[in-house]
Amino acid sequence: MPILAIDTSTMVSGAAIATKDRLIAEVLMQLKLPQSQVLLNHIKEVLKIAHMDKKDLDGIAVSIGPGSFTGLRIGLASAKMLSYALNIPVIAVSSLEAMAYHYPVPEIYIASTLDAQKGNAYFALYEYTGTGFNEKKSVCVMNFAEAVEFCSRLDKPVLFVGDIAQKKVDVIAAYENVSLGMPHLCMPRAANTAMAAIPKLERGEFANIMNLEPVYIRRSEAEILWEKRHPESKSEENA
């Protein structure tokens, strides 16, 4: 049952085709280009590399956040479009859970983090079970330094992945019991999204594309700025 997976949660743009037991093809790019300019070309390219037609697909896996507000919207809109056109299901995957699939290793915790701006991180903690990952700490927004300090006190070694972890190597290096993943095993990848989605596909855990929305966790800076400039709208809502 081949599925197409896409991840647009960060500046990394990726598309992959996978089955239960193998990754067939993947296109991955980490450049500062808008997802709107590259994603559809990546989807076309990965189908070409895999020698497949879009009609061969049995599902679409998509990372739904947290992450880049604009990127998530573009990825989800593309997934919905393909789902509707091909009449195949969408499987929604947490972008933080997908990153944990870089390290299916027992006896450690994976701290998945993405930049939430102003020193904060989207943060969740996972543990490999042998078949998948248990969420040990639910997705939240936390000051990155506080997240590292919290993980340093846990009962097992903690491996950090994600863009903000790569930017703040010095914070991680200041503590025992925590470390940073390798550069090529640290960022979101469409292949990981596929691996996380396949068990859900087999269980029939499909998203309703009519009401599926990105998981933002917090409001965008644009929303906060607009509210500051228009305080009367907040008063009207509370009236």
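Which residue forms a salt bridge with E149? In this predicted model, the partner is R153, with the closest N and O atoms 2.9 Å apart. A salt bridge here is a side-chain nitrogen of Lys or Arg within 4 Å of a carboxyl oxygen of Asp or Glu. R153 is exposed, with a relative accessible area of 55%, whereas E149 is partly exposed at 29%.

Residues are numbered from 1 along each chain as its sequence is written, and side-chain values use heavy atoms, with hydrogens and water left out. Because the model is predicted, local features need pLDDT of at least 70 and side-chain atom pairs count only at pLDDT 80 or more, while totals for chains, interfaces and linings use all residues.

The structure holds seven salt bridges. One of them pairs K20 with E202, whose closest N and O atoms lie 3.6 Å apart. This pair links distant parts of the chain, 182 residues apart: K20 sits in the loop between β2 (12-19) and β3 (22-30), and E202 in helix α7. Helices (H or I, at least four residues) and strands (E, at least two) are DSSP runs, numbered from the N terminus. K20 is exposed at 59%, and E202 is partly exposed at 41%.

Another salt bridge joins D115 and K167, at 2.9 Å between the closest N and O atoms. D115 belongs to strand β6 (residues 109-115) and K167 to helix α5 (residues 163-167), 52 residues apart. D115 counts as buried because its relative accessibility is 18%, while K167 is exposed at 57%.

K20 and E202 turn up again in the lining of the second largest pocket, along with residues including Y101, F133 and M195. A pocket is an open set of points on a 1 Å grid over the protein atoms alone, where a 1.4 Å probe fits, with protein on both sides within 12 Å along at least five of seven lines; lining residues have an atom within 4 Å of a point. About 180 Å³ of space lies in this pocket, a volume being the space filled by probe spheres set on the points, which are joined across faces, edges and corners. Helix α7 (residues 190-203) gives the most to the lining, with four residues.

Finally, I217 is found in the loop between α7 and α8 (221-229). I217 and V141 are 76 residues apart in sequence, yet 7.4 Å apart in space, C-alpha to C-alpha.

Key: Buried means under 20% relative accessible area, exposed over 50%, partly exposed in between (1.4 Å probe, protein chains only).
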